[in-house]
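Open the model in your viewer and keep the selection tool at hand.

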Amino acid sequence: MRTVGEAVRDVLAAADPGTKIKTARAVARAWRRGELTHRLGIAMPDRPARPALPELLPPAQMPRRGKGGSERGRLALLHALAHIEFVAIDLAFDMVGRFGAEYPRGFVDDWIGVGADEAMHFALLDRRLRSLGSHYGAMPAHDGLWESATVTAHDSLARLAVVPMVLEARGLDVTPETIVRFTSAGDEGSARILARILSDEIRHVRAGTRWFEFACAAKGFNPESHWRELVSTYFRGLIKPPFNDSARDSAGLTREYYQELAPL
């Protein structure tokens, strides 16, 4: 029987978006059915495989896409969101393969489930782009998300602090306004997809917060202060308002974590 470590590495090794989606879904299904043994400890690649397109640029070189008011602006925003979800597939499965041996089986359950969600989100956004005459890869994208994975590859607490509890949490803050923009432009189809993603991302941030607090308790760390220390060390951006406090609270990410880092 194959191990879950071997299976999640297959997701990271898939470059073609369609293949990555199918592999992610197959791994999640096999894990739920008990068709994979709970064995990890296999080295994960430093970088996941990537398709030839989109062209990956440094964040500072990305063209400005506006705020989604024009049709082109909305396509650019959908493409950027699709890229985020595509990278998030690898982030979730890398979480399992790189750190799963440090945690109980429920950690693998949660992050394989997150990976399956991210694959579904990407598929929805790519399908939407195609319905609007575009596709994933039609525009450049940046590699900032995986840079966050690289700098936290040695420490599961740092990875949990930065990826779900900063980067995904930021999605909770900005997505409601993005939904309003699409709705105001008459793009109800895109707005419905983003509403679905927002609902799922609350669960993802909750998983990150729960396992962060689990590990902090095991190591004797205060979770809020240790989170701030890790974020100050490994995250180069700002923790900035406005915050979607209700969504963050639903995810267990209370203001005690981030209010001291937010600019006045």
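This is a predicted model. Start by selecting T178. You will find T178 in helix α6, which covers residues 156-184. Is T178 buried or exposed? T178 is buried, because its relative accessible area is 10%, and buried means under 20%.

Now show the neighbours of T178. A polar atom of the T178 side chain sits 3.0 Å from the backbone oxygen of V174. T178 touches both, leaving aside residues up to four places away in sequence.

Next stop: empty space. Rolling a probe the size of a water molecule over the atoms shows where such space is left. How many cavities of 30 Å³ or more are there? The count is one. The largest cavity holds about 60 Å³ of space.

Select its lining: A88, L91, A92, M95, W111, V114, E118, R159, V163, P164 and E168 line the largest cavity. Colour the helices too. α3 (71-99), α4 (105-131) and α6 each give at least two residues to this lining. Then colour the lining by class. Eight lining residues are nonpolar, three are charged and none is polar.

Last, look at the backbone. Most peptide bonds are trans. Select L53 and P54. The peptide bond from L53 to P54 is cis, with omega near 15 degrees. P54 lies in the loop between α2 (17-32) and β1 (56-57).

Move on to P241 and P242. A cis peptide bond joins P241 and P242 as well, with omega about 5 degrees. Where is P242? Look in the loop between α8 (223-234) and α9 (245-250).

Conventions
Residues numbered from 1 in each chain as written. Predicted model: local features only at pLDDT ≥ 70, side-chain atom pairs only at ≥ 80, totals over all residues. Heavy atoms only, no water. Helix = DSSP H or I, 4+ residues; strand = E, 2+ residues; numbered from the N terminus. Buried < 20%, exposed > 50% of the residue type's maximum accessible area, 1.4 Å probe, protein only. Polar contact = N/O pair within 3.5 Å; in protein donor to acceptor, adjacent residues only side chain to side chain. Contact = heavy atoms within 4.5 Å. 1 Å grid on protein atoms, 1.4 Å probe; cavity = no way out; pocket = protein on both sides within 12 Å on 5 of 7 lines; lining within 4 Å. Points joined across faces, edges and corners; volume = space filled by probe spheres on them. Nonpolar A, V, L, I, M, F, W, Y, C, P; charged D, E, K, R; others polar.
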